[in-house]
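Hi,

Here is the structure I promised to pass on.

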Amino acid sequence: ACTSTGGGGEAAGEGELDLISPGTLTVCSDIPYAPFEYVENGETVGFDIDLVDRIAEDLGVEPNVITTSFEAIETGSALDTDQCDLAASGMTINEERESVMDFSQPYVEDNLGLLVAPGSGISGVADIEGRRVGVQQATTGEEFAQQNGADVVQYEDSSLMIQGLNTGDVQAVVANISVAGPAIDDNPELELVEEIETGEELGLAVKTGNTALLDRVNESLAAMEEDGTLEELKAEWLGS
Ligand code: ARG
């Protein structure tokens, strides 16, 4: 009879991770959010995707990224209801979210940007009061636009938000600067009129109390920092 109590050929330590689908790191991500997570030629790619691939590799499991609304991610509900083990969604670490999930060490810094359509007459944040400003719902951009008195129009995802700007549904959008850049590349008529120095830090997140997984995620991030992977990914995807 087999008397082994070990992991039976699994990667070391995987057992104690208690993944929702054994052998797989199931990851929630709100897609599209280029350059962090988006579909190109039928394939899901981006900064977060590369990051998650490497973490899964370090854990000795396969990654599986599932598209989830950003609202379900940032309220903690996707993690709490065991839809995924890890959230990787260009998500800003803040106090409110820290109360409903546990964040990794930060892996990217970001600011907000104010992006406008031609002829909007908006040249800075001071001009957005009372104007129709598009945001992706439940994001830090929404919070900022709200606080600055804009007539906020919520979009379910960030590509619909840019579309809203292109069709004239809104005159401006507030979004992270790292996504505003690529949006301008694709829509050269749009203009970034102000960078808002929020100093946001993006983090990965696990369900509150899942320290076994969080520790391994942080180890993997630290290893990527050490061996230059993080820097390479920033250069490749964020041009920074
Ligand atoms: N960093 C912003 C936030 O945390 C926006 C993130 C949106 N991410 C996404 N995958 N749609 O609120």
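Strands β8 (residues 132-136) and β10 (residues 172-176) pair in parallel, over two bridges. Helices and strands here are DSSP runs, numbered from the N terminus, of at least four residues (H or I) for helices and at least two (E) for strands, and two strands pair if DSSP finds at least two bridges between them. Across from V133 you'll find A172 of β10.

Before going on: this is a predicted model, in which local features need pLDDT of at least 70 and side-chain atom pairs count only at pLDDT 80 or more, while totals for chains, interfaces and linings use all residues. Residues are numbered from 1 along each chain as its sequence is written.

Back to the sheet. It is open and has five strands, ordered β9-β8-β10-β7-β11, with mixed pairing. β9 (151-155) and β11 (191-202) are the edge strands, each pairing on one side only. From one strand to the next the twist averages 25°.

Two helices go with it. Helix α6 (residues 140-147) packs on the sheet and touches β7 (108-116), β8, β9, β10 and β11, at about 155° to the direction of β8. Helix α7 (residues 158-166) lies across β7, β8, β9 and β10 and runs at about 160° to β8. Angles run from 0 to 180 degrees between N-to-C directions, with axes as lines fitted to C-alpha atoms, for helices over the stretch in contact; contact means C-beta atoms, placed from the backbone, within 7 Å.

On to the domains. The assignment, automatic or from a database, gives domain 1 (21-107 + 203-238) and domain 2 (111-199). Their centres, taken over C-alpha atoms, are 25 Å apart. Eleven residues from domain 1 and twelve residues from domain 2 make the contact. On the domain 1 side, helix α3 (residues 70-74) gives the most, with three residues. That side has six nonpolar, two polar and three charged residues (Ala, Val, Leu, Ile, Met, Phe, Trp, Tyr, Cys and Pro count as nonpolar, Asp, Glu, Lys and Arg as charged, the others, Gly among them, as polar).

Cheers
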